[in-house]
Amino acid sequence: MRNIVSILRKSNLCVFIVCAVFLFIISGCGSTTPPVDNSESISQTTDAPTSIDENSEQVKDDDKKKEETVNNKEQSSSLTTLTGKDTTTKKETTKTETTTQAVKPTSTTPSGKLTVHYIDVGQGASQLIQTPSGKTMLIDGGNNDDEQRMVSYLNKQGVTKVDVLIGTHPDADHIGGLDAVVDSFDIGKIYLPKVSSNTKTYESLLTSIKNKNLKVTTAKAGINIDLDNQLDIKMIAPVKTYDDKNEMSAVVKLTFGNNSFLFTGDAESGSESDMINSGANLKSDVLLIGHHGSNSSTSQTFLNAVNPKYAVIQVGNNSYGHPTDNILKRLNSENIKIYRNDLQGTVIFTSDGTNIKPSVSAWKYTATTNKKETSSNSTSTTITKKEPAASSDTKTETKTESNTSVYYKNCDAVRAAGKDPLYKGDPGYSTKLDRDKDGIACER
């Protein structure tokens, strides 16, 4: 009996030992794999490019590499925070399709209003753009005697900062009032074409920019302007370098939803042809007619490429024949609605991204309405407005104030006589009429 009990005890002990060994093996297998540490893959993103917009192609390549190391949503979110780029995997793309960079317009329905002001500055040009988010872009600023007019107009519109300032080219009738704007408002980014000019007007603008420690970015084709994430703003000219300052004009296209505006400065047919050949999309609803309606601009080919519904001519009292009847006929024959500062004052267009509403009714063209046109339209392509150089040294002067037999009480009298602007040496010129002492009196 004792032998049987001894055998049973030994058997139970064996069973217990076998079970214990089995349980130990099972528990050991469950702890052989260490926890996953993803800190290394996340830390690799700290060296992301500092300028995503300027290195977009490189960023795309980097993002692909980052995606290969991302295995869950938390890692993807961390990479997005560090790099400013969407790095979700393909499975999550449906959730992140609306993510865009700030410089690109959103794909959603536009909200708010865009207003574009074609400011009446006489024989000159200036356009104020106010975006749905309250940002401001100013293109050109009229003539030298428009300084106070520009400041007052911007104040009236509630402008406290000009986020983007563009001087299309150095002519006085386009940048004359910009120095006062720079002096009077906070300024964001400034664009000027790379054109040499030694006029006092241009020197004054550069001095104002320097005094506020601002920098100038060269205006040229291919630049994307970051102003409002609902707007797409592209600079499409100058495409090349030209000897003529007018041809060097910065040309800007603004798109808001389904509406678009093209601002042309004084760009002439040579620049127009290069814009077409560049392959840029010129189609726009509203076209600022180049060079105040001169025959040198708005070629038929260019007009066909833009195919606008509305045309704005920024022009004032002048002796150049602007706008020429040839250009007016061309616009009228295409059933384009025409708006003129000289006859209608400041013109404002309001857009909701779908519809455009002008502040005034279109001007009606008839063959006899353009009475200001000179007998020869060709003069508009050859007459250029001369400005004195910045240097005060003048070796030749045909007349002085003392030997002038013509007297004008003020600039209104000069304009009534159709003699504006007066250049130093012209009959009737006086320093009293030349407020900015640049050698040009009563310029507009």
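Just after helix 9, Gly-279 takes a positive phi of about 85°. This residue belongs to a predicted model whose protein chain contains 14 helices and 17 strands. Of the 444 residues in the protein chain, 44% are buried.

**The chain as a whole**

- The accessible surface of the protein chain is about 23400 Å², and carbon and sulfur atoms account for 50% of that surface.
- When contacts between residues at least 6 apart in sequence are considered, 65% of them join residues at least 24 apart.

- Strands of a sheet pair through backbone hydrogen bonds, in either a parallel or an antiparallel manner.
- In this model, 8 strands form an open sheet with mixed pairing, and their order is 6-5-4-3-2-1-14-15.
- From one strand to the next, the twist averages 20°.
- Strand 5, which spans residues 186-192, pairs with strand 6 in the parallel sense over 3 bridges; Leu-192 has Thr-218 of strand 6 as its bridge partner.
- Helix 8 (residues 200-211) packs on the sheet, where it touches both strand 5 and strand 6. The direction of helix 8 makes about 135° with that of strand 5.
- Strand 3 (residues 136-139) and strand 4 run parallel and are joined by 3 bridges. Leu-138 has its bridge partner, Leu-165, in strand 4.
- Strand 4 (residues 161-166) is mostly covered, with 5 of its 6 residues buried.

**Helix 9 and its cover**

- Helix 9 comprises residues 269-277, and its buried residues are Ser-271, Glu-272, Asp-274 and Met-275.
- These residues lie on the same side of helix 9 because they cover an arc of only 165° around the axis.
- The cover over the buried residues of helix 9 includes strand 8 (231-237), strand 9 (251-256) and helix 10 (300-306).

**Aromatic rings**

- A pair of aromatic rings is described by two quantities, the distance of the centres and the angle of the planes.
- The structure holds 7 aromatic pairs.
- A cluster linked by ring pairs brings together Tyr-118, Phe-261, Phe-263, Tyr-310, Tyr-339 and Phe-349.

- Leu-422 is located in strand 16, which covers residues 422-423.
- The relative accessibility of Leu-422 is 3%, so this residue counts as buried, the limit being under 20%.
- Leu-422 and Ala-441 are separated by 19 residues in sequence, while their C-alpha atoms are 4.9 Å apart in space.
- With neighbours within four places in sequence left aside, Leu-422 is in contact with Tyr-408, Val-414, Pro-427, Gly-428, Tyr-429, Leu-433, Gly-439, Ile-440 and Ala-441.

Notes:
Residues numbered from 1 in each chain as written. Predicted model: local features only at pLDDT ≥ 70, side-chain atom pairs only at ≥ 80, totals over all residues. Heavy atoms only, no water. Helix = DSSP H or I, 4+ residues; strand = E, 2+ residues; numbered from the N terminus. Buried < 20%, exposed > 50% of the residue type's maximum accessible area, 1.4 Å probe, protein only. Contact = heavy atoms within 4.5 Å. Areas by Shrake-Rupley, 256 points an atom, 1.4 Å probe, with all protein chains shown as cover. Pairing = 2+ DSSP bridges. Axes fitted to C-alpha atoms, helices over the stretch in contact; angles between N-to-C directions. Arc of directions from axis to C-beta. Phe/Tyr/Trp six-rings, centres within 6.5 Å; stacked < 30°, edge-to-face > 60°.
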